[in-house]
Amino acid sequence: MAADPCIQVEHVSKRFGKKIVIDDVSLNVHAGEIFGLLGPSGAGKTTLVRMIAGIDQASEGAVRVLGADMPELTTMKRIGFMAQSDALYGELTALENMQFFASIYGLRGKKKKERIDDMLELVNLADDRKKPVHQYSGGMKRRLSLAIALLHEPEVLILDEPTVGIDPVLRQSIWAELKQIQKRGTAIVVTTHIMDEAEKCGRLGMIRDGRLLAVGRPDELKSETKSQTLEQAFLHFGGVHQ
């Protein structure tokens, strides 16, 4: 019997006033899976992942993560979340930011130091660890946010547009690391509007105007729509026939 999914989203809707931002979305994400949410800006991707992370609450439906109804504080500590806007302390150095978040995650002593060193190395910031974050470029801040999300080896990792403003070489190394993290059994959700990144995901949910248009492996979605590219498949599912 297959284990229950790490993430279960069941008939979830989210309203802000009269505006429906997420409209009756259902999906599952399993351990050891990279699940991509592909859609243009304003499609509702960020709202959906914030509900999965427990930061926002659904207006209707249920979100369960690691068996708990979200939002639930203990479970939130088992999640790594990288927001689209960097939640960093600009007056602190990168190292001080890492130490602060490591303590929140309950990391101590040798383990804390090792994880901080490893993650700064991964995102290529080891040489800039003593620099105040307000002196960082946008891409450097994105990389630091990713390092922080990975610090406590979370069971569920949620990354909202993680590689925006990051150069192509580093983007490749980040994706290589995500593949390694996936092998350890972590459930990973990545939002993106970049088609070649979407191709790297095991399964994709195509989202537009708050609605889930289709879910499947990239090759399945192309084959089902007789498309050469994911972009063509996306347009097809959205009702734009070429």
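This is a predicted model: local features need pLDDT of at least 70, side-chain atom pairs count only at pLDDT 80 or more; totals for chains, interfaces and linings use all residues.
Student: How do helices H3 and H5 lie relative to each other, roughly parallel or roughly antiparallel?
Tutor: H3 covers residues 94-104 and H5 covers residues 138-150. Their axes are 10 Å apart and meet at an angle of about 25 degrees. Angles under 35 degrees count as roughly parallel. H3 is therefore, relative to H5, roughly parallel.

Student: Which residues of H5 make the contact with H3?
Tutor: The crossing of these two helices, H3 and H5, is right-handed. From H3, the contact uses Ala94, Asn97, Met98 and Phe101. The residues of this contact comprise six nonpolar, one polar and no charged. On the H5 side the residues are Leu144, Ala147 and Ile148.

Student: How many charged residues are in the contact of H3 with H4?
Tutor: H3 passes H4 in a right-handed crossing. H3 brings Leu95, Met98, Gln99, Ala102 and Ser103 to the contact, and H4 brings Lys112, Ile116, Met119 and Leu120. By class there are six nonpolar and two polar residues, and the number of charged residues is one.

Student: Is Asn124, with its positive phi, buried or exposed?
Tutor: Most residues other than glycine have a negative phi. Asn124 has a phi near 65 degrees, and its place is the loop between helix H4 (109-122) and H5. Its relative accessible area is 51%, and the cut-off for exposed is over 50%. Asn124 is therefore exposed.

Student: What is the phi of Glu153?
Tutor: Glu153 lies in the loop between H5 and strand S7 (156-160). With a relative accessible area of 39%, Glu153 is partly exposed. Glu153 is not a glycine, yet its phi is positive, at about 50 degrees.

Student: How many disulfides does a search of the whole structure find?
Tutor: A disulfide is a covalent bond between the sulfur atoms of two cysteines. The cysteine sulfur nearest to that of Cys6 belongs to Cys201 and is 16 Å away, whereas a disulfide needs the sulfur atoms within 2.5 Å. Cys201 is likewise in no disulfide. The search finds zero.

Student: What is the relative accessibility of Cys201?
Tutor: Buried means under 20% relative accessible area. Cys6, at 12%, counts as buried. Cys201 also counts as buried, and its value is 4%.

Student: Is Lys222 buried or exposed?
Tutor: Lys222 belongs to helix H8 (residues 218-224). Not counting residues up to four places away in sequence, Lys222 touches Glu199, Ser227, Gln228, Thr229, Leu230 and Ala233. Its relative accessibility is 17%, so Lys222 counts as buried.

Student: What is the relative accessibility of Ile188?
Tutor: Ile188 is part of strand S8 (residues 187-192). Leaving aside neighbours within four places in sequence, its contacts include Val29, Ile34, Phe35, Leu157 and Leu178. Ile188 counts as buried, with a relative accessibility of 0%.

Student: How far apart in space are Thr186 and Arg208, C-alpha to C-alpha?
Tutor: Thr186 lies in the loop between helix H6 (168-183) and S8, and at 8% relative accessibility it counts as buried. Not counting residues up to four places away in sequence, Thr186 touches residues including Ala31, Gly32, Pro154 and Ile181. Thr186 and Arg208 are 22 residues apart in sequence, and in space their distance is 27 Å.

Note on methods: Residues are numbered from 1 along each chain as its sequence is written. Side-chain values use heavy atoms; hydrogens and water are left out. Axes are lines fitted to C-alpha atoms, for helices over the stretch in contact, and angles run from 0 to 180 degrees between N-to-C directions. Helices (H or I, at least four residues) and strands (E, at least two) are DSSP runs, numbered from the N terminus. Angles under 35 degrees count as roughly parallel, over 145 as roughly antiparallel, 65 to 115 as roughly perpendicular and the rest as oblique. A crossing is left-handed if the near helix is turned anticlockwise from the far one by less than a right angle, and right-handed if clockwise. Contact means heavy atoms within 4.5 Å. Ala, Val, Leu, Ile, Met, Phe, Trp, Tyr, Cys and Pro count as nonpolar, Asp, Glu, Lys and Arg as charged, and the others, Gly among them, as polar. Buried means under 20% relative accessible area, exposed over 50%, partly exposed in between (1.4 Å probe, protein chains only).
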